[in-house]
Amino acid sequence: MLTSLLAEALAVTFDNLTMTASILECAEEASEDLSPEAKQRLALVHTGLAMAIQGMEFEELQQLIKRSEIYCDG
């Protein structure tokens, strides 16, 4: 039960992380109008997303994600 819950949580989280990274990448040109500090903070967001996605790409976690119902439905 807990393993399936973890698998579902990982699947949703991984999907949301990759979608958010893609959206931010597409909207990057809008950041040209931001203050230098806001740009620096946005860079931290990008770094955090990249690190989180990299962590989620670990083979054992990917196996759990692929066993989730959400992954199988998608």
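**Helix α2 in the predicted model.** Helix α2 covers residues 36-56, 21 residues in total. From its first C-alpha to its last the helix reaches 30 Å, close to the 30 Å expected at 1.5 Å a residue. The model is predicted, not experimental.

**The buried face of α2.** L49, I53 and M56 are buried in this helix. Seen down the axis of α2, the buried residues fall within an arc of 60°, so they line one face of the helix. An α-helix has 3.6 residues a turn, so residues three or four places apart point the same way. The buried residues of α2 pack against α1 (2-26) and α3 (59-67).

**The exposed side of α2.** P36, Q40, L44, M51 and Q54 lie on the other side of α2, where they are exposed.

**A50, a partly exposed position.** A50 belongs to helix α2. Its relative accessibility is 47%, so A50 counts as partly exposed; the cut-off for exposed is over 50%. T20 sits 30 residues from A50 along the chain, and their C-alpha atoms are separated by 11 Å.

**The largest nonpolar core.** Ten residues make up this core: A7, L10, A11, F14, L17, L49, I53, M56, L64 and I65. Helices α1, α2 and α3 are the elements that give two or more residues to the core. The most come from α1, which gives five.

**Contacts of L17.** L17 is one of the core residues. Leaving aside residues up to four places away in sequence, L17 touches L49, A52, I53 and M56.

Technical notes: Residues numbered from 1 in each chain as written. Predicted model: local features only at pLDDT ≥ 70, side-chain atom pairs only at ≥ 80, totals over all residues. Heavy atoms only, no water. Helix = DSSP H or I, 4+ residues; strand = E, 2+ residues; numbered from the N terminus. Expected span 1.5 Å × (residues − 1). Buried < 20%, exposed > 50% of the residue type's maximum accessible area, 1.4 Å probe, protein only. Arc of directions from axis to C-beta. Contact = heavy atoms within 4.5 Å. Core = buried A, V, L, I, M, F, W, Y, C linked by side-chain atoms within 4.5 Å.
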